[in-house]
Amino acid sequence: QVQLVESGGGLVQAGGSLRLSCAASGRFSRFNVMGWYRQAPGKQRELVATVTSGGTTNYADSVKGRFTISRDNAKNTVYLQMNSLKPEDTAVYYCNSRQLTGAEVWGQGTLVTVSS
């Protein structure tokens, strides 16, 4: 299966920006739907954004207009540009790859902390 490695998390003050990266290695299909999820302490993991191989995107209402998901198929990398960050965006962010069969692969997660 594909291996996913996230990077780019860190500490940022409210209103700031971060860009997360997810690099895929190993066996990888460009038909895979790539996504970002996040999980805050005491909360369920939730979908943040997804992008298809053709570039179609989907966003959670809470991040629309602030976050942008994109993918570079040549580099087997998916990105999450996060602008106008809010304290409620604080969470561990996970990269996800989903095959047409429904099989999924998850990255290890990267922590984003937004201070007020």
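**Asn76, a partly exposed loop residue.** At a relative accessibility of 23%, Asn76 is partly exposed (buried is under 20% relative accessible area, exposed over 50%, partly exposed in between; 1.4 Å probe, protein chains only). Asn76 sits in the loop between strand 7 (67-72) and strand 8 (77-82). Its phi is positive, about 50°, although Asn76 is not a glycine. This is a predicted model, in which local features need pLDDT of at least 70, side-chain atom pairs count only at pLDDT 80 or more, and totals for chains, interfaces and linings use all residues. Residues are numbered from 1 along each chain as its sequence is written, and side-chain values use heavy atoms, with hydrogens and water left out.

The loop between strand 8 and strand 9 holds Ser84. Phi of Ser84 is positive, near 50°, in a residue other than glycine. Ser84 has a relative accessible area of 40% and is partly exposed.

**Ser97, a buried residue of strand 9.** Strand 9 covers residues 91-98 and includes Ser97. Ser97 is buried, at 1% relative accessible area. Its side chain makes a polar contact with the side chain of Asn32, at 2.7 Å (a pair of N or O atoms within 3.5 Å; within protein, one must be able to donate a hydrogen and the other to accept it, and residues adjacent in sequence count only if both atoms are side-chain atoms). Beyond its neighbours within four places in sequence, Ser97 is in contact with residues including Val2, Leu4, Phe28, Met34 and Val105 (heavy atoms within 4.5 Å).

**Arg27, an exposed loop residue.** Arg27 lies in the loop between strand 3 (18-25) and strand 4 (33-39). Its relative accessibility is 76%, so Arg27 counts as exposed. Arg27 and Val2 are 25 residues apart along the chain. Their C-alpha atoms are separated by 4.9 Å.

**The whole chain, for orientation.** The protein chain has 11 strands and zero helices (DSSP runs numbered from the N terminus: strands E, at least two residues; helices H or I, at least four). Its radius of gyration is 13 Å, close to the 13 Å that the globule rule gives for 116 residues, so the chain is as compact as a globular protein of that length (taken over C-alpha atoms; the rule is 2.2 Å times the number of residues to the power 0.38). The C-alpha trace spans about 40 × 25 × 20 Å along its principal axes. Buried residues make up 41% of the 116 residues.
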